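This report goes through selected local features of one model.

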Amino acid sequence: MRGGEEVESKEWYLSAYAPEGVPTSDHLKLQSVRLSLAVDSIPEGHVAVEMLWISVEPYSRTRMSGIPDGLHLPQLSLNQTVTTFGIGRVIRSKNSSYAEGDIVVNPFSPVAEYCVVPPDFLRKVDPTDGIELPYYLSCLGLPGFAAWVGIEVLGCPKAGSNVFISAAGGGVGMVAGQLAKIKSCRVVGSTGSDEKVKLLKEELGFDDAFNYNKETNFDAALSKYFPEGIDVYFDNVGGKMLEAVLNHVNSHARIALCGMVSQYNEVWTRREGVRNLLNAVGKEVRMEGFMVGSYLDRFGDFAEEVERYVKQGMIKAKHKVYIGIESFLDSLASLFSSSNAGKVLIQVKP
């Protein structure tokens, strides 16, 4: 491949919109395309990249419905290649800032084996820096940045605060919980299996955790795990869990709305309502949604801080790795099944 002028690249594209439910092979298709690596075929300033790792993100689902969504992310066009965060190796370059062999993170990577891209959003990483490459897609990537914004910028917990993290076994939640522990908070997480409860408590330092598939009465669960109320809630799921939290918040609690994965597969008219928002008035709760794109000016602060924590062993990442670009459909569906512990990634080639 490295000496050739052309490669065959498999890529996933959206063939039909999925207004509800988990997208299937009726909506997402895998195709092979021929990609020229000849210097004359690469636009000036661009680089050709061989993908190594691809991140599988819940927000990608919201771009496949064909219906404007509460996240206000642009919908994919039909027959458009799906994009996400990825890490790749530069194999051809027409840009003086990038050399063949450079490892780059691309927040707009196609779900493909190879691509030719402009350098506008690429970020070089040093593979000899002692940090494994998948970390740049988990605790040092979009999930970690979302967790940092929600805890550091919006949640602002003080030492001793009672912090609740929903979907705590996922890539965002587990980092959010560890960041709160670094701030000397009491941290409890909800997650979808006993295995992940054990992971949160025994490996990631959470003070407690519960399986929401067993503790189905969320009000009773939160009474048990937060007898003194909740000061900070990092919300990844919305719906019934958010409603229950509003019954247990303390005065002046802060709620960072990161995502609502329990609602992504429903059209908005069938999503679960929250009936007790009046509690937010009486308790003077600050509840704020956020998109990480609005905080890109803080990415450098985040990267410096969390990279230090990673190197010191204060933050750990867990990854669920699927092998091969062909696994994208299954890995995307897994995000909505509670079957994964940690950040879902595809290793493009083993």
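## Helix H2

Of the 14 residues of H2, 12 are buried, so this helix is largely enclosed by the rest of the structure. Buried here means under 20% relative accessible area, exposed means over 50%, and partly exposed lies in between (1.4 Å probe, protein chains only). The buried set consists of Leu142, Pro143, Gly144, Phe145, Ala146, Ala147, Trp148, Val149, Gly150, Ile151, Leu154 and Gly155. Helices (H or I, at least four residues) and strands (E, at least two) are DSSP runs, numbered from the N terminus.

## Basis of the values

The model is predicted: local features need pLDDT of at least 70, side-chain atom pairs count only at pLDDT 80 or more, and totals for chains, interfaces and linings use all residues. Residues are numbered from 1 along each chain as its sequence is written, and side-chain values use heavy atoms, with hydrogens and water left out.

## Packing of H2 on H8

H2 (residues 142-155) packs against H8 (residues 299-311) at an angle of about 100°, and their axes are 10 Å apart. Axes are lines fitted to C-alpha atoms, for helices over the stretch in contact, and angles run from 0 to 180 degrees between N-to-C directions. The two helices, H2 and H8, are therefore roughly perpendicular to each other; that label covers 65 to 115 degrees, while under 35 counts as roughly parallel, over 145 as roughly antiparallel and the rest as oblique.

On the H2 side, the contact is made by Gly144, Phe145, Trp148 and Glu152; on the H8 side, by Phe299, Asp301, Phe302, Glu305 and Val306. By class, the residues of this contact between H2 and H8 are five nonpolar, one polar and three charged. Contact means heavy atoms within 4.5 Å. Ala, Val, Leu, Ile, Met, Phe, Trp, Tyr, Cys and Pro count as nonpolar, Asp, Glu, Lys and Arg as charged, and the others, Gly among them, as polar.

## Residues with positive phi

Most residues other than glycine have a negative phi. Cys156, which follows H2, has a positive phi of about 45° although it is not a glycine. Cys156 lies in the loop between H2 and strand E8 (162-165) and is partly exposed, at 35% relative accessible area.

Glu284 also is not a glycine and has a positive phi, about 55°. Its place is the loop between helix H7 (278-282) and strand E13 (286-289). With 53% relative accessibility, Glu284 counts as exposed.

Asn236 sits in the loop between strand E11 (230-235) and helix H6 (239-246), and is buried at a relative accessible area of 9%. Its side chain reaches the backbone oxygen of Ser166 at 2.8 Å. Not counting residues up to four places away in sequence, Asn236 touches Ile165, Ser166, Ala167, Val172, Gly173, Cys258, Gly259, Met260 and Val261.

Asp102 is in the loop between strand E4 (83-93) and strand E5 (103-110). A polar atom of the Asp102 side chain lies 2.8 Å from the backbone nitrogen of Ala99. With residues up to four places away in sequence left out, Asp102 touches Gly88, Arg89, Val90, Ser97 and Lys124.

## Cysteines

A search of the whole structure finds zero disulfides, a disulfide being a pair of cysteine sulfur atoms within 2.5 Å. For Cys139, the closest cysteine sulfur is that of Cys258, 15 Å away and too far for a bond. Cys139 is buried, with 0% relative accessible area.

Key:
A polar contact is a pair of N or O atoms within 3.5 Å; within protein, one must be able to donate a hydrogen and the other to accept it, and residues adjacent in sequence count only if both atoms are side-chain atoms.
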